[in-house]
Structure formats: C-alpha cells, structure tokens
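Here are some notes for a colleague who has not seen this structure before.

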Amino acid sequence: MTRLARPLLLLPLLFLALFYVWPLLSILVLGLAPDGALALEQLWQLVSPWHLNVLAFTIVQALLSTVITIALALPAAWVCVRWSFPGRSMLLSLSTLAFVLPTVVVAAAISALIGSRGLVNDLLRHLLALDGVPLRLEGTLAIILIAHVFYNFAVALRIITGYWANRSTMHEDAARVLGAQGWRLWWEVRLPLLRPALLAAATLIFIFTFTSFGVIVILGELRFSTLEVEIYLQAVNLFNLPVAAGLSIVQITLMFVLMLVYSRLRQRLPIALRAAQAPRPQGWRQWLAVCAAGGFMLVLLAAPLLALVIRSLSGAEGLTGAWYAALSQDVRGSVLFVPPVQAVGNSLFFALCTTAIALVLGLLAASLMQRRNRRWLDPLFMLPLATSAVTLGFGFIVALDEPPLDLRASPLLIPIAHTLVALPFVVRSILPSLDSISPSLRESASVLGATPWQVWRQIDLPLVSRGLMVGAIFAFTISMGEFGASLFIARPANATIPVVIYRLLGQPGTMNMGQAMAMSVILLLTCSLGFVVIERVQRAGSGAF
Amino acid sequence: MLHLRKICKSFGDTQVLSNVSLELQNGEIVCLLGPSGCGKTTLLRIIAGLETPDAGDLRFQGRDLGDVPVHERNFGLMFQDHALFPHMTVAQNVAFGLRMRGQERVEERTSETLSLVGLQAMGQRDVSTLSGGEQQRVALARSLAPRPSLLMLDEPLGSLDAGLRERLLPELRQIFVETGQTVITVTHDQQEASAIADRIAILNAGRIEQCDTPQVVYARPRNAFVAGFMGLGNPVCREWLVAQTGATFAGHSFLLHPAGMRRANAAGNAGVMLEGNLAQRSYEGESWRLTVHVAGKTFRFRLPLEVSPVPEAGARVRLQIDRDWILPLE
C-alpha cells in the first residue's frame, strides 16, 4: 500500500470509534452520570420489583431455551455422527439455514404454523369441526421456547457433532470392555467426555436467547418483557431514556462477561473437521433411531418454513397470489405510512449500501490486521458481536442525534448500524483468503515493476475476491434481515422489510397476515439464496489456490 | 555494473550480513554459494530492494540504488517457490512484467520468451496444472520477459529432483549466455554453482569467504571453510604434516587436496609420502573412491582405475601427494 493510502487503513478504527464506542459511551454517561456528575441512584431505581422481574424472566427463558435445545439436539447429533443415512447432510444444512434466517422470518414462520392464524389451527378446525381458535399459543412462554429451539438447534447440533466427529472411540471402547452398557455408558462416559462441547453450545445458546428480541416482541405479544424488549419499550414507547440506559448498561456488561466465557470455552473445542465416514444403520433398532431423529428434525426445521410458504399462498378460496399482489398497495395507509413494496425497495437500498460500506471497511480492517498486531485488533473488530442490536440502536439514538454528529435524518444511519452488525462476519470472511496470499507473490509483482497500488489491484484483490464475495453475501443478508437496531432507528418512511413484517403481524385481519407471510417469504428466499451461495463458495474454496 | 560495498544487515540481534562487498560485470553470471542461513537470500533481497541494508553502498551503473523503490529498479527476481500468480494463465504470468513496465508488443515478447524456455504451446494453461519443472520454466520466462538489467535467482532448481536439475542446469546457463544476461544466482549446492557460474562467491555467516572462478575456488580454496564446503576435506596443521612426512613447510594450516593424491607405487618417489589405513573403498565405474585414515585424519580421494588391484579395506596403504597440491590456508 502506498504511503498515501496508509491512513485509509485507519478508517475501520475510526468507524468503530464513532459508531460503536461513542454510542456505547453515551449510554454509559446517560445511565451513570446524566448531569455530568456520577449519580448512581439512578441505577438503583432499576432494583424495583418490575425490573427484577424482567431480569429474572430474561434469564429463566434463556435457561429453559438452552436446556430444551440441547436436550433435543443431543440425540439428533448422536444419530448424525454415528450413522450416515440418506438426507443427513440436507438435515444439517437445513438446521444451519434456520439459524441464519432473520428473527422476524422465524417468528412469522412459527406463527404461520402454530399461531392462532396458523396452519395447525386451520387443521384442527377442519378435522375436529371446532370454532374459534382451538390452540392459542401467542403470548405464551411455549411459543417463545419453540421459536428459540428452532432457531438455535443448529448451534447445538454443529458444536456437538463437530466435537464428537473429532474424538476417537477409544475411551468408549475401554468403558465397554470394562462392562459399561446402555444408560451407564451415556451417563458415566459419553456425556462427561462431551462436557466442553455441551458447555460451549449452552453458553452460545444462552447468549443468543438472552438477547432475543424479535421473537419475543412478535410472538410474546408484549406480555413478556426481556431486558432487550424493556430497553426498547422504555426508550421508544415511554421515552424514559435514563432507565433504558441503565438497563442497557446491565445488558452490555452481562453480554461482555458471557462472550468472554464463551471465547474461553471455545478455545477448548477442536477445529471442526468434515464429518468422518460413518457406517449405514443396521437392523431395525438403528433404523428406528435414525428415522425418529431425522423425522423430528424435519418436522422441527422444515414444517414452520413450509407453513410460511403455504400461508403466503393461501387465501379463503385456496391458492392465491393476492398477498404478493397486495404488497404494492398501501391498504391500511395510516398504519404503515408506506406500501410494503416500498419497504422492499428500502431494504434493498440499505442492504446494498451496507454491503458497499462493510466490504470497504472489512477489506481495510483485514489489511490492517495483516500489518499490525493482530492480538489486539482481532478481538476489537469482533466486539460488535458482543453487543445486542437493540443496545446498538439505542446507542445510535442517544449519541447520533445532536451536533457534532446529527445523523437522525441521514439515510445512511441504517446502513451504518447494519455494517456494525455485519463487520465481524465480513472481516472473518476476508482474512483467511488474505492470509493465504504468500508474500513472495506480492514481492514478485513489485520486482516485475508493479507499483504498490498495482500490486494491490493485480494480486491482492483478485486473490481475495472469493472471500470478498462471501463477505458481501453476509453483509447483504444480515442487512436484509436485521431487526432490532432497525426498529429503533428506522423512520416510518424508510421502514425495512423486517420492520414492516413486525407491524403487519401486530395487526388483526387476514390481509395483514397474508402480506406479512408474503414479505417473510421474500426475505426467506433472499437469505436462503445467500446461504446456498456461501456454502457453495466455501466448499469450492477449499481446493483452489 | 553492480557495486556492493560493505553491506551490513541485522534482524534483531542476529547479524545476517557483515561488510559484504561484491562487483558484477555486464553479462557476468555470479553464484552466491553457502550453507542455509548464511545470508545469501537476504543479499538478493537487498539488491532487489525488498530489504533495506543497515549500512553500506549499493550502486548500479554508477547510480545509488538507496532511494530507488523495488518496482523501479528493472531487476528480475525468481523466487525459490516460483511465486507464480495462481489467478493467471502461463502467458498472463509472463506478460505481467511487460504490462507493468508499459512495454510494447507484449504478446510478441511473451511468446518469444515462452519459446526460449521451451513452453511455446503452454501459454493458455492454468499454472496450477503445471509440473514442477514447467513451473520453474514459467517463473524463469516471467523474470526474463521484461529484459531485466540484472536477473536474480533464489535456489532456482531447489524444488526439483536431481535428474531434472542435471538436465536443466546447462540449459539455464545457455539461455543466460545467449541473451547476454547479467545474473546473480543463489544455491547451497557446489556442483550447481560450478555448472552455472562464471564466478562463485562463497558466503559464510554473513561474509564472503572467497570470490573467484569455479576453477580457482576448487583448486585454490582460500581457507578451511571454503575447502570443507567444496568437499575437499579437512585441513591439517603444520606440526602434523611435519611429523608425518619429515619435510618442512611454511605456514600453519594446509589442505592436502584430493586432486594431488595417488597411491604410492614402488617406482615413484616424487612428492610427499603418507602411510595409513584404508578405511573404505567404493567402486564408481571409472574410478575408485578411497577413504584413508592417517594418524587421526581422514582423507577421501578418487583413484583412477589401475591394472593392479586395489587393496581390501583394512589394508595398510602408502599415499603420495604432489607438493603443488599441498595448499597453505589462511
């Protein structure tokens, strides 16, 4: 890089300072010292029964989600490691797809399946000739837990199968020779050996469900409040900014601690290899186990998505494209301010901006890491991962609404927020391909007469293009699906797809439901496409270069 | 043409080059020879501009190279790992330097250079599909194409197997001589150095021990390191030599050059005589290779086929050495 371009490398650091550190500091100041002097009594107000309840519920639902997810994923992981069977890799991919879907799509899909306007209720009505809503799950803890299991199943499955596939069966064989059988083999050997993987998976799922926002506001119908939801309600509905700031501080602190724990636990995990060759199941018992686990995964992961697609295409008289057609009309005018199709346009525009910003910053950040001390820079660029989208969004309204940085009216505010969320993924996609370029390639080029700029343009850029493409797709799909921060900072006129889906799902009537389903399907297809391309590119990437 | 004066370079606490001076004439082929870690690659990288020397003077055609960046030196450097650009075809690799320097008739020069290295039909091939020898040729063509005023090769044949190396060596030299190319090459193999170079500079621990034609380096090694590295054996001290031969010598350390060793026959009495045990003998077709222990020292030399049989290992043998081949060392 030329001397002129070198300051460019500092751009990502400047970006983090302005749009990550500054908003977080603003929250700290607002929560701890709103008038300039340290005033902790404000924080003490949070120790009210109501806020303690919120905290308790946040923890309880996260714990329950974690335990249930792992309990369900453990047998499935066992089956997937132990035997190879038709559809195994499809099931694994399906679980990962569920994990990368935007929360609003997950919420919409769950609601399309078991919500009061969902498929299961339709079926019950028809089969049992019932009236009304036979199964009312919205606003219950059950539906929140189901959505969390759907969403986090892949986390447990991937970590556990990865760990098991890399371990030899030596210890198990030894235990078997010593007479361990059946449940004792599980309880005394298999599970204790699996502890690092179980702990890591549990911590990660706890982190994700602890900060769950979209699922809870949509499916919980605001009957439940987690820390995330409470921050949002206090800040946006009640405009009680200091309380929201106090809650954010609690949230930020807990998240940093949890992320620290997780990164420690993760170091003990082996690097996941591709699943080893496993034998086919033999005998009816093994086939039964495989069918049970596979069937369960298929129902858990595919049924909601299928229901979503069916719901988006079904009206009172059967198959219809009416909901998609209606996206261009602003039927309820006052509710949304914009026709849904404009939200699609907004989302696409923001996603393209996010992709552009995140790629430039990600490439610069990765180049900076190559040159400078990576031990400090790497965790620094991963920091936004440890901050929930809602706190980010809240930080944006607190910090960026007054001079010197008044960006409230700027159309770039949403892409900037999305870039923060996407940047860790983009950097992680680019860095490996940048690392794989041997220094002698660059040196050869410059000996052959290439100026530093030409070296970058002719050697570095073409060789990182694969990583750039993966990073671009990450940035695009993350931006398309981002909900928490967008809800905070999107103005009615520039609402994004997830925000509009949220608003539509909150309205009664089949029209709103149908439109929400149709938009969710659009988002589902966008993200699935991105997911498929990333999997392809990464698989092809292992061979070349 | 190229003048290096007292070049010094350290990495941290390690002194890699100390006071290296070297001069190159136009069209000359010089080989830097030395064990790994002796600093030869660092010297190449300094000349190419990829490293900056801590001290010393680097001039090319009278011009100080200190402030000339790598890409403006118009040198060529062939890397040990060849460093072919994986995202370009063979022809694109070769054309790269021509394009970067804005030269004209890129395609013509590319195919011309590819024919020079015998790869005219391979221009459109992907570099990942090439064999090791082909990759080496592409790397060579890429360095040669822009007609660098100085070409440097870092262990050019290092990654190839012995058979291929032996075939390519004379070919390489022929290409350089035909094109009048000034070349600095680096190797740790003394045979490779002798086959390719006009002059050999022997590097040891960051300094040049001797710089001469291959014949001189071989026949008149200046010191014990050069003698040892050229595979000529270990030196003996004067006391040992006097005790063994009874003759007188000036100097304190000597090399008994294998080229001067023969088995003593009854008639010949010229030169200096030694007596020892035949430790090993191996038959090499046109000659025998003998290892003889004399009073705690080991000597290895070739013995041309003779009519009289060579004694079995373990036998006492008498050796006769030309006085001219008893070389005083520094």
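1. Helix H12 of chain A is mostly covered, with eight of its eleven residues buried (20 or more other C-beta atoms, placed from the backbone, within 10 Å of the residue's own). This is a predicted model: local features need pLDDT of at least 70, side-chain atom pairs count only at pLDDT 80 or more, and totals for chains, interfaces and linings use all residues. Residues are numbered from 1 along each chain as its sequence is written, chains are lettered from A and ligands numbered from 1 in the order in which they are written.

2. Among the buried residues of H12(A) are A:Leu227, A:Val229 and A:Gln234. The buried residues of this helix pack against helices H3 (49–82), H11 (214–219), H13 (241–267) and H18 of chain A.

3. The axes of H12(A) (residues 227–237) and H18(A) (residues 389–399) come within 9 Å and cross at roughly 25°. The two helices are therefore roughly parallel to each other (angles under 35 degrees).

4. On the H12(A) side, the contact is made by A:Glu228, A:Ile231, A:Tyr232 and A:Ala235, and on the H18(A) side by A:Val390, A:Thr391 and A:Phe394; two residues are in contact if their C-beta atoms, placed from the backbone, lie within 7 Å. An α-helix has 3.6 residues a turn, so residues three or four places apart point the same way.

5. After H12(A) comes A:Phe239, with a positive phi near 55°.

6. Between the chains, the contact takes 17 residues from chain A and 18 residues from chain B. Strand E6 (75–78) and helix H2 (90–100) of chain B are the elements that give two or more residues to the side of chain B that touches chain A.

Notes: Helices (H or I, at least four residues) and strands (E, at least two) are DSSP runs, numbered from the N terminus. Axes are lines fitted to C-alpha atoms, for helices over the stretch in contact, and angles run from 0 to 180 degrees between N-to-C directions. Angles under 35 degrees count as roughly parallel, over 145 as roughly antiparallel, 65 to 115 as roughly perpendicular and the rest as oblique. A residue is buried if 20 or more other C-beta atoms lie within 10 Å of its own, exposed if 12 or fewer, and partly exposed in between; C-beta atoms are placed from the backbone.
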